[in-house]
Amino acid sequence: MAALAAAGKKVKTFVIDGKDVSGTEDQTIIEVCRENNIEIPTLCYLDGLTEIGACRLCLVEVRGSNKLLPACVTKVQDNMEVVTSSDKLKNYRVKILELLFSERNHICSVCVSNGICELQNLAQRLGMTHVHYPYLFPKLEVDASHERFVLDNNRCILCTRCVRVCDEIEGAHTWDIMGRGIESMVITDLNKPWGESESCTSCGKCVAVCPTGALVEKYKNAVDKSFSYKKDKLKFLPYLTTMREVKNEQS
Amino acid sequence: MLIKKIILPSDDNRWKLINATMKRHGYQPNCLIETMHTVQETFGYLDEISLKFVAFALKVPLSSVFGVATFYNFFNLKPQGKHTCVVCLGTACYIKGTNEIAEEIKKEFKIGMGKTTEDGQVSLLSARCLGACGIAPAVVIDGEVHGNVSTRETVETLRRLAYAN
Amino acid sequence: MSKVKAATIWLDGCSGCHMSFLDMDERIIDLLEKVDLVYSPLVDNKEFPEMVDVTLVEGAVSSKEDLEKIKKVRERTKILVSLGDCAVTANVPSMRNPFGVDAIMKHAYVDTAVTKDIIPNEVIPELLEYSRPVHNFVKVDLFLQGCPPPADAIYFLLTELLEGRMPDLTKVSRLGK
Amino acid sequence: MLIEELLEYAEKLRDRDKPGKHAIKVCSAAGCLSLKSDAVAEELKKKITEAGLEEECWVKPVGCLGLCSKGPLVTVDTDGKVYQEVKPTDAGRIIARAAEGVSKETDPFFTRQQKIVLENSGQVDPEKIQDYILRDGYLALNEVLELTPQEVIDEVTLSGLRGRGGAGYPTGLKWNTVAKTGNVGKYVICNADEGDPGAFMDRSVLEGDPHRVLEGMAIAAFAVGATEGFVYVRAEYPLAIKRLKNAIKQAERAGVLGKNIFGTTFSFAVEIRIGAGAFVCGEETALIASIEGRRGQPRPRPPYPAQVGLWGSPTLINNVETFANIAPIMRHGGEWYAAIGTEKSKGTKVFALAGKINNTGLIEVPMGTKLRDVIYDIGGGIPDGKKFKAVQTGGPSGGCIPEQFLDHPIDYESLGALGSIMGSGGMIIMDETSCMVDVAKYFLDFTKDESCGKCVPCRVGTVQLYSILDRITKGEGTMEDLDELDDLCDLVKNTSLCGLGQAAPNPVLSTIQYFRDEYVAHIIEKRCPAGVCKIHKGERKQKEEVMA
């Protein structure tokens, strides 16, 4: 950060959870939080992809604002006072998770991502004891037509990380969302089987960034010892950030 | 000189209309929705061939084209019936009973909302508000707005149209 | 001091949670010094007794029989614990839900059966439209997640309750574990 | 073209129509058209020719006359009596009366109104620019071009005009932000995606007086420094689109739009973009996404469109009615406008009256008018001797206001305090035969279908809200459900990404607040007091006995 500041960016000093922090003017609250080891739960946010502020888990309180603000898109300002984990926020976050669990058929025990799932991990970390909303039990398709990967809509939380990584990093834009509201669904090309996609390069980035078991590798599961896109996400992530920086410099 | 040629999917002249819309906007990706309007006006619905053609000509990814086509209620991906009946479900119409009209049509023609009868005669659609609240309840039959309608008269009109020949 | 009256029941589940319960091994013997296991698939009692202090429920509520059972158990229990993912989320039993009861019965007893292709209506309790978690039907006081919850977690749950505390169970187990 | 030339041009066009002494104005807005007002116009023309009265009378198609429920409407000259429910057979009688001279209108529906936005509606032929010009049209634009952009913004600020699209953000402030951001390539967008069910004032303005909107946009463009504009109209309004297209063409020909307007260096071009059926596109950022040819999904604000808008450029977005107020404000001055209305809500507001009320249609009254005056004096009260129950304002983002608040003034703050919002101006009247739980369910059905699906609380929360309401209307609800409704409404309201989600709970919250007894009747007594919901007593199936 010091280097950036030296590069002519203004430094902002402010307070997060009572702790004095600083960041450059183009940084978001979440970036500064991560630099300071302040944990904020997220599902749609992924460093290196465009922020969309959709999952609402990273909402924080900012003094003087009557609305909760998404930390992933809110730029830091001088003297702002941020609270990242009040009882109110904790309560909202658990309920948002519950809504996500109620939306589709997340059956952890038989999911190939059991144990490496960000949704599941968050549920435990945020202390979700159970889902008090009635489950909706929609009937959804599993697309196993691709030779290496599987799409299971039952596990999809519509975070659109796959859509963004495919468009912004791979440049293929195989993925998008069809429909709207509760009927939204991720699709490849003209909603055709993934295996028949003309644009997919089979690069596997979508699988690597998927937080749940919606996009997975065939013949791999969480206990596999060999390399897997999902499990080795952390190895993959610095690559994302680098690609993004290269792209930004070019444009 | 480099000639960028748009190849029409077939020699059906209607493709020229669609091409004209895109040409007018300089084949900019942002005219996707405008072009889809033209496709639907021309062919009545958006089929796979037209979606691919538009995607190719505007250089928009296929999945984006499909995403847009399914986001907006106005676009149909399937052909509509010979006759269409749009029941307004706006608030004013709703509290004046258009829900009943819709139910009655569903029963009479054995179709669901947004569906077409098996013989392809009648499609039942709904609108979120026609802005014709002053003459609620309102329905649109084959493009013509009918205000202050009753359930019986709507069903009768449709029946007449559907069983005309 | 009289012993705490505990019970366990088994609705639509695989008995895995009960297996995990037994995995407490010799700790069970310690527990039984303070606890009377008054009803359980593991003991030979036919009728669920009145005035039970704590009941652990394994399994989802999938049939009319399950529903009747859990209502009775709730009435007769002070602290009701959903034990394991089936009780907490309906888990594997809920996988039939998107397809509908008729399709499931046909698939199980007609399309894939090797013996006779009739759907039984006497031996099998009538299924509910959806298999649902226990708390959708009766009030549940504690939730212990896991498929199955680890024996340590069950032990922790019981010892905490014996100490008169309502434990935070999300620290000792999670969904799917 | 200079203003003098423009007037000359308009007069020449007018004379070509060979008008007679008295104009017989036939409403040609969508409402009356669907009641066959075109047949009435034809018959009138025929009768005039037959009687040889061409010197005396002529037939003029005009925009909305307001009283849609009593259409087709016909009136004679300015402020003449409005003939209601006219049939072609009435033509002879109307012509005879018209030739005799004008009889004034006395019906309070017409006389109690004060028209600024609608001053030309029902007066001008919307398909002829000359009509607009001869009623001082484009005069304001001409004068504005002699001012500095800042002076224009100051005048709008002085007027106290607030956005008529719903939230009521001060228009002058918005213009100022856009004006101060960036230098070139800014845009002006007119939001004509009137999506609230029950609101149709924007439609009427576009159908009845399209040039007024174009003039307002041009003035705004000059003030903020934009050279391109878009009107985003919903596809459900084909007549409005047709008339707007026609108006743009005429305005370009007359030199009041396009390059070098009134011979100055100011240029402004307007294009139409047609929506495709998505309520959420009324939200600014979703509307921009839609114009850019993408899925109409909102994005978090800030940055606001005034800073980062269409294709990343500073963009001014106002709705139809806001723009329609601009020309009169510039003509009469901001002070004149600020003298109308209340302290915080200036000017007039157009409302669409609909539902269980005698006079359904379009009205314009000063801000601060009492709800009771609108509903009973202008609206003529509730039909069939039924009892008033509630008035719903603000569409799916608004709430239901009960009888005890009818003497509250209509302005942004009062309606907000009552748990509703001004919204775009739809007013739906409900009587004792409307069930308030059913109404709440109706609106949640609407918002869940119109949710774009981007953020979790709105996408899933509205579905869960709907299913609770559905349970209650079927007699399967519990008292715990009421608490859950409160709790879930709070979540959706505070955590949703855009206004659609944040306001989605309003219909539920306001009906629970004012009509809790109706909810309780459904839950405890298994009875719908209004007789709308079909509750089958004693048929509660065990399988549906879900406590949740």
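**Close-up views of chain B and its contact with chain D**

**View 1. The side of chain B that touches chain D.** In this predicted model, 31 residues of chain B are in contact with 38 residues of chain D. On the chain B side, at least two residues each are supplied by α2 (32-43), α4 (62-71), α5 (91-95) and β4. The largest share, 4 residues, comes from α5(B). Sorted by class, this side of chain B has 20 nonpolar, 10 polar and 1 charged residues.

**View 2. Chain B among the other chains.** Of the 5 pairs of chains that touch, chains B and D have the most contacts between them. Chains B and C, in contrast, do not touch, and their nearest C-alpha atoms are 20 Å apart.

**View 3. The open sheet of chain B.** Four strands of chain B form an open sheet in the order β2-β1-β3-β4, and their pairing is mixed. The edge strands, β2 (122-127) and β4 (144-146) of chain B, each pair on one side only. From one strand to the next, the twist averages 25°. The edge strand β4 of chain B is also among the elements that supply residues to the side touching chain D.

**View 4. Pairing of β1 and β3 in chain B.** Strand β1 (residues 83-88) of chain B pairs with strand β3 (residues 139-141) of chain B in the antiparallel sense, over 3 bridges. Within this pair of strands, Val86(B) stands opposite Val140(B) in β3(B).

**View 5. Helix α7 across the sheet strands.** Helix α7 (residues 151-162) of chain B lies across β1, β2 and β3 of chain B. Relative to β1(B), helix α7 of chain B runs at about 165°.

Key
Residues are numbered from 1 along each chain as its sequence is written. Chains are lettered from A and ligands numbered from 1 in the order in which they are written. This is a predicted model: local features need pLDDT of at least 70, side-chain atom pairs count only at pLDDT 80 or more; totals for chains, interfaces and linings use all residues. Two strands pair if DSSP finds at least two bridges between them. Axes are lines fitted to C-alpha atoms, for helices over the stretch in contact, and angles run from 0 to 180 degrees between N-to-C directions. Two residues are in contact if their C-beta atoms, placed from the backbone, lie within 7 Å. Ala, Val, Leu, Ile, Met, Phe, Trp, Tyr, Cys and Pro count as nonpolar, Asp, Glu, Lys and Arg as charged, and the others, Gly among them, as polar.
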